[in-house]
Amino acid sequence: DFANALIDRLPKAELHLHIEGTLEPELMLTLAKRNKVQLPYESVEDVAKAYEFDCLQDFLDLYYMGMSVLQTERDFHDLTWAYLLKVKADGLTHVEMFFDPQAHTDRGISFETVLGGIVLALEQANRELGITSKLIMCFLRHLPEEQAFDALECACKHKDHIFAVGLDSSEKGFPPPLFERVFAAARGEGFTPVAHVGEEGTAENVREGLDLLKIERIDHGNQALSDPELTARLARQQTPLTMCPLSNLRLKGIPTLGHSPVKRAMDAGLLVTVNSDDPSYFGGYLNDNYRAIHQALDLSEKDIIKLAKNSFAASFISDSEKQAHI
Ligand code: ADE
Ligand code: ZN
């Protein structure tokens with residue numbers, strides 16, 4: 001219908017996307033064979049059956065296991081290229097993409113192998129698909145601070161390709177204060193700070209992200225809405241939030257899509273965006289997320305256009321570049 005056609009043709013940016021979370025079961029099995037990696041799955045159906053999650057940690061366990069098939073620069077290129085081709089058809093013109101280097105260096109894959117493959121695909125997408133991009137390197141919060149500093153040291157050699165630093169993985173038990181020093185160092189090196197906060201964690205985590213890590217964008221931030229004072233602050237400051245409706249549903253952060261906070265956040269005057277997070281694991285890419293909340297939250301065409309415009313407003317591209325996308 002009309003809304004679906006509108007969603008398909010609107011230019012959009014995606015600002016919350018883990019490249020390792022785009023690994024489709026088919027490519028996972030192909031790479032497992034190519035690289036002789038053992039997986040507990042025989043078929044695409046086996047993988048699909050395993051993707052029933054009760055919480056964030058449930059998903060993360062399979063997410064880290066799945067990415068063990070990624071070994072060579074070519075693997076990282078193929079993974080990234082497959083995502084970019086898919087979202088080109090969704091009207092995506094800009095992506096700010098997370099990657100998790102520690103999940104790879106921890107198992108003996110070099111930082112340069114990971115980054116090299118991703119960058120090759122992003123450059124190819126710029127030339128052949130007209131998609132622009134920025135890379136966000138995430139620190140894994142379940143690993144010690146010292147290993148985050150090691151990742152930062154690697155990133156400093158590649159400032160031409162890495163724009164921002166983020167914080168992801170298990171939020172419960174690993175709050176922002178643990179990463180205050182490494183974020184200060186990263187900001188000192190010129191990286192723009194963002195973090196996953198208020199996904200499974202509290203509004204206090206969101207506040208600490210802002211005040212201690214000095215984040216310039218909030219990934220998820222759902223729980224911020226439980227705190228009226230924080231909500232008012234986010235509206236006043238226009239700090240962007242990257243929300244992920246299908247992810248929230250599949251990780252049981254919300255019981256139904258009708259509970260997605262996207263519309264409430266818009267109504268409260270927040271700069272909110274819609275994103276896919278880990279589309280292969282959560283059953284939908286960018287436009288699937290737009291379609292899902294359009295239906296569940298009864299969004300108007302005006303709301304959909306607003307969300308697409310917000311995706312550029314909330315991005316880290318310059319104002320003149322933003323005009324070129326809209
Ligand atoms: N890593 C990949 N996806 C994530 C999410 N939704 N939350 C925390 N860490 C992640
Ligand atoms: Zn995420």
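Predicted model: local features only at pLDDT ≥ 70, side-chain atom pairs only at ≥ 80, totals over all residues.
1. A UniProt annotation is a record whose positions are given here in the numbering of this structure, and such annotations may be inferred rather than shown by experiment. In the present case the UniProt annotation "binding site", taken from an unreviewed entry, covers Asp278.

2. The mean pLDDT of the protein is 98, and 100% of its residues reach 70 or more. The model scores ipTM 0.98 and pTM 0.98.

3. The overall form may be described next. The protein contains 17 helices and eight strands. Its C-alpha trace spans about 50 × 45 × 40 Å along the principal axes. A compact globule of 326 residues would have a radius of gyration near 20 Å, and the protein, at 18 Å, agrees with that expectation. Buried residues account for 47% of the 326 residues. Of the contacts between residues at least 6 apart in sequence, 76% join residues at least 24 apart.

4. The strands deserve a point of their own. Strands of a sheet pair through backbone hydrogen bonds, in either a parallel or an antiparallel manner. Here, eight strands form an open sheet in the order E1-E2-E3-E4-E5-E6-E7-E8, and the pairing is parallel. Strand E1 (12–18) and strand E8 (272–274) are the edge strands, each of which pairs on one side only. On average, neighbouring strands of this sheet are turned by 25 degrees against each other, direction ignored.

5. The pairing can be followed strand by strand from E1. How many bridges join E1 and strand E2 (residues 92–99)? These two strands pair in the parallel sense over five bridges, and Ala13 stands opposite His94 in E2. E2 and E3 in turn pair in the parallel sense over six bridges, with Thr132 in E3 as the bridge partner of His94. Strand E3 (residues 132–140) is largely enclosed by the rest of the structure, because seven of its nine residues are buried.

6. The annotated residue, Asp278, may now be placed in this setting. Asp278 is found in the loop between E8 and helix H14 (279–282). Is Asp278 buried or exposed? A residue counts as buried if 20 or more other C-beta atoms lie within 10 Å of its own; Asp278 has 25 and is therefore buried. Leaving aside neighbours within four places in sequence, Asp278 is in contact with His18, Gly21, Tyr63 and Ser247.

7. Glu20 lies in the loop between E1 and helix H2 (25–35). Glu20 also counts as buried, because it has 22 C-beta neighbours inside 10 Å. Residues up to four places away in sequence not being counted, Glu20 touches Tyr63, Met67, Phe99, Asp100 and Ala103.

8. Phi of Asp277 is near 70 degrees, a positive value in a residue other than glycine. Asp277 is placed in the loop between E8 and H14, the loop that also holds Asp278. With 29 C-beta neighbours inside 10 Å, Asp277 counts as buried. Phi of Ser169 is likewise positive, near 80 degrees, and Ser169 is not a glycine. Ser169 is located in the loop between E4 and helix H9 (180–188). Ser169 has 20 other C-beta atoms within 10 Å and is therefore buried.

9. Gln124 belongs to helix H7 (residues 111–128). Gln124 has 15 C-beta neighbours inside 10 Å and so counts as partly exposed. Gln124 and Trp81 are 43 residues apart in sequence, while their C-alpha atoms are 8.2 Å apart in space.

Technical notes:
Residues numbered from 1 in each chain as written. Chains lettered and ligands numbered in written order. Helix = DSSP H or I, 4+ residues; strand = E, 2+ residues; numbered from the N terminus. Rg over C-alpha atoms; globule rule 2.2 N^0.38 Å. Buried ≥ 20, exposed ≤ 12 C-beta atoms within 10 Å, placed from the backbone. Contact = placed C-beta atoms within 7 Å. pLDDT = per-residue confidence, 0-100. Pairing = 2+ DSSP bridges. Axes fitted to C-alpha atoms, helices over the stretch in contact; angles between N-to-C directions.
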